[in-house]
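Visitor: Hi! Could you walk me through this one? I'm new to reading structures.
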Amino acid sequence: MYRASVTLKMATQVITNSGHDDIIHDAVLDYYGRKLATCSSDRTIKIFEVEGESQRLIETLKGHEGAVWSVAWAHPKYGNILASAGYDGKVLIWKEQGSAQSTQWQRIYDFPLHKASVNMVAWSPHEAGCLLACASSDGNVSVLEFKDNAVDNATFPAHGLGVNSVSWAPASNPGSIVSSAPGPGSAGNRRFVTGGCDNVLKIWAFDPASQSYKQERDPLTGHADWVRDVAWSPTVLQRSYIASASQDKTVRIWTSDAASPGVWESKVLNFEAPVWRVSWSLSGNVLAVSGADNKVSLWKENLRGEWECVKSIEE
């Protein structure tokens with residue numbers, strides 16, 4: 001499974017002298033943009049210190065027994081913590097420890113319970129807690145919760161043919177900033193979307209009564225092939241946005257109004273090649289799309305509610 005990354009394509013300086021011996025599948029900057037983690041089919045993760053236009057390799061992490069598909073940084077309130085997921089079915093948690101003068105990366109937790117490749121890991125918004133969602137080819141999603149020096153996990157079937165991607169909703173519901181009355185889940189919202197080999201998206205929400213994740217309404221349908229990636233926009237204005245990238249050469253942008261939560265409508269963007277990755281800007285109003293043709297395009301919604309390509313980048 002080859003995964004293109006928008007960050008990877010933007011960080012060409014780092015990538016050209018990365019030191020990896022095989023294809024790079026993911027490249028992610030930390031919260032402050034000072035560290036870059038990359039992962040590769042060579043079974044390693046490399047961490048770079050980024051300063052302006054220059055970068056320096058500071059650590060190579062070894063532990064996976066197969067290609068490493070995905071890396072994700074936790075929020076800095078929990079420390080310098082990185083999660084990685086690989087073809088070996090494992091999720092590994094790494095932490096930078098030590099003093100300002102001398103630091104060292106250590107593997108602090110292994111999660112080996114998936115029975116097939118783990119294709120993506122994603123940390124929740126920090127307001128919801130220290131939660132990591134893991135999407136696996138075995139059809140299951142796991143949510144690991146790190147709390148009080150213990151780790152709980154909830155694993156449940158999500159997409160029978162395999163789960164390719166997962167993305168968390170913002171911690172606040174849309175419209176909650178301008179609403180005087182907070183909704184039941186307006187703070188610390190635990191919701192996420194998954195995309196699978198069954199061509200659909202599913203939205204999951206934590207149910208406090210059963211202490212488990214339950215599917216919200218029906219799956220979001222429309223794609224004609226695998227959903228390769230999903231991305232929930234961080235915006236918390238009047239609408240929620242989810243982007244989905246598919247092998248069917250389309251991106252769908254799903255919207256739900258605060259007035260009618262749970263009802264989703266989609267608009268289709270067509271491409272010339274299978275689409276592998278979608279990623280929102282920090283403000284949540286620009287969508288980056290990358291695919292099998294090694295092109296990255298940036299899309300923005302105009303005042304008429306239509307999505308326009310505002311920039312295209314080719315390798």
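Guide: Happy to! This is a predicted model. Let's start with residues 220-254, where the chain is 0% helix and 54% strand. The end C-alpha atoms of that span are 9 Å apart.

Visitor: What does UniProt list for residues 220-254?

Guide: Its unreviewed entry gives "repeat: WD" for them, and it lists residues 61-95 under that name too.

Visitor: And how far apart are the end C-alpha atoms of residues 61-95?

Guide: They lie 11 Å apart. Residues 61-95 are 0% helix and 54% strand.

Visitor: New topic: where does UniProt place the "Anaphase-promoting complex subunit 4-like WD40" domain?

Guide: At residues 103-169, again according to an unreviewed entry. That span is 0% helix and 64% strand, and its end C-alpha atoms are 33 Å apart.

Visitor: OK, sheets now. In what order do the strands β13, β14, β15 and β16 come?

Guide: The order is β13-β14-β15-β16, and these 4 strands make an open sheet with antiparallel pairing. At the edges are β13 (163-168) and β16 (212-215), each of which pairs on one side only. From one strand to the next, the twist averages 30°.

Visitor: What about β14 and β15, how many bridges pair them?

Guide: There are 5 bridges, linking β14 (residues 191-196) with β15 (residues 201-207) in the antiparallel sense.

Visitor: Can you give me one to look for? Which residue in β15 is the bridge partner of Val 193?

Guide: Look for Ile 203: that is the residue in β15 bridged to Val 193.

How values were computed
Residues are numbered from 1 along each chain as its sequence is written. This is a predicted model: local features need pLDDT of at least 70, side-chain atom pairs count only at pLDDT 80 or more; totals for chains, interfaces and linings use all residues. Side-chain values use heavy atoms; hydrogens and water are left out. UniProt positions are given in the numbering used here, feature names are shortened, and annotations may be inferred rather than shown by experiment. Helices (H or I, at least four residues) and strands (E, at least two) are DSSP runs, numbered from the N terminus. Two strands pair if DSSP finds at least two bridges between them. Axes are lines fitted to C-alpha atoms, for helices over the stretch in contact, and angles run from 0 to 180 degrees between N-to-C directions.
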